[in-house]
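Dear colleague,

My notes on it come after the display.

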Amino acid sequence: VASDSVDIPVMRPVLPLFELVRSQLEAVHASGWFSNFGPAENGLRERFAVRFGVDPARVMTAANATLALAGCFATATRTPWTIPSFTFTATPAAALIAGVDFRFGDIGADWWLTEEDQEDAASPVRVAPFGAPPELSSGPRRHGIIFDAAASIGNPWDPGLLGEADAVVFSLHATKVLGAGEGAIIVFGSDERAQQFRIWTNFGFFGSRESQIAGINAKMSEIQAAYVHAALDGWDNERAEWLAARDVVLRVGDEVGLTTFDASRTCITPYWIAVFPDAATTDLVEATLAEHGIGTRRWWSHGCHQMPAYADVAHGPLPMTEDIAGRYLGLPVFRGLGEHEGELILAALEDARSRAAAW
Ligand SMILES: Cc1ncc(COP(=O)(O)O)c(C=O)c1O
């Protein structure tokens, strides 16, 4: 049955239970402190420090992950950078806004930037694909690395492997795991790097009202922090809901013989990413699911190097990016997705498979 409306969206944001938000907001109102690193923001840094097993001095907050990335670029001591073209537009947008030099690099078969950490090379921005945890290597670090792990906060990782100049950025956007509307948590490899970042997020102020560096306002407000506290309060339930939704979609995928990107199988991630044998099949699946009222999305479009905003950004050949960008498709997964949705998605995928030349 053809349908113009989407019956099952690709994503449905769920914020923390309002009861949990209410008690956190009451604490904010009682404190009379509404932004500028108040008790809620400080408490949040402490809670994430315990969660990750790091010193709270190395955990910072920001209004969103895009500004957090911009701050990591702006306060780094070394340029240029290599950014994978296969990422969300926020990564290169942040580099442009921060005014740093960068070029686009290709990804490997695992969808991570292939750039090696070599003496003369540009510093890599490693984008954790679709919720995969940041992969920190234990070898010696030549350059500080920025890990864009926007969607990865639901998964274990090892901050003990951070190099001194490294930074890991997580997003708390409504569509992410631990979604709180907007927000970001950043973990740094040294107190100094963390402190510089904090100064950048607060107009470059450090101890006086004279800006010490060119900064901006990228602070997380106390209201935002209250929502993040509420999300943490509800984490056990949220985690169970992500796992339940993942169970449903993986069973559907297995039933139709779908190839699913690894992180969607093994991680707590807000993405169900399917990979098809060729671009024509991907287009056909997208169109067939739309006919069934099932939402899909090419989350990172066709690679940032194809976007008008980055027409001037240098890059070499990007064969893997161009290949993968034509063959991946985000399918629906969200908290609360159950058997009923699973049945509808299964029927649509079976229909697509029956029409496809390759699968
Ligand atoms: C890879 C990546 N980087 C950065 C961002 C930006 O995060 P935010 O929405 O918190 O600015 C996103 C979010 O969608 C993302 O997927």
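Predicted model: local features only at pLDDT ≥ 70, side-chain atom pairs only at ≥ 80, totals over all residues.

Residues are numbered from 1 along each chain as its sequence is written, and side-chain values use heavy atoms, with hydrogens and water left out.

The ligand. There are 13 residues around the ligand, and A65, T66, D148, S171 and K176 come nearest; a residue counts as near if one of its heavy atoms lies within 4 Å of the molecule. By class, this shell holds 6 nonpolar, 5 polar and 2 charged residues. Here Ala, Val, Leu, Ile, Met, Phe, Trp, Tyr, Cys and Pro count as nonpolar, Asp, Glu, Lys and Arg as charged, and the others, Gly among them, as polar.

For T66, an N or O atom of the side chain is 2.5 Å from an oxygen atom of the ligand. The corresponding distance is 2.6 Å for a polar side-chain atom of K176 and 2.7 Å for one of S171. The ligand takes up the space of the largest pocket. A pocket is an open set of points on a 1 Å grid over the protein atoms alone, where a 1.4 Å probe fits, with protein on both sides within 12 Å along at least five of seven lines; lining residues have an atom within 4 Å of a point. A molecule sits in a pocket if more than half of its atoms lie within 2 Å of its grid points. The largest pocket is lined by 25 residues, of which F88, A150, S171, K176 and Y271 lie nearest its centre. This lining divides into 13 nonpolar, 8 polar and 4 charged residues. Its largest share, 3 residues, comes from α3.

The backbone. A cis peptide bond, with omega about -5 degrees, joins T79 and P80. P80 is placed in the loop between α3 and β2 (81–84); helices (H or I, at least four residues) and strands (E, at least two) are DSSP runs, numbered from the N terminus. W111 is a residue other than glycine with a positive phi, near 75 degrees.

With kind regards

Terms used
Polar contact = N/O pair within 3.5 Å; in protein donor to acceptor, adjacent residues only side chain to side chain.
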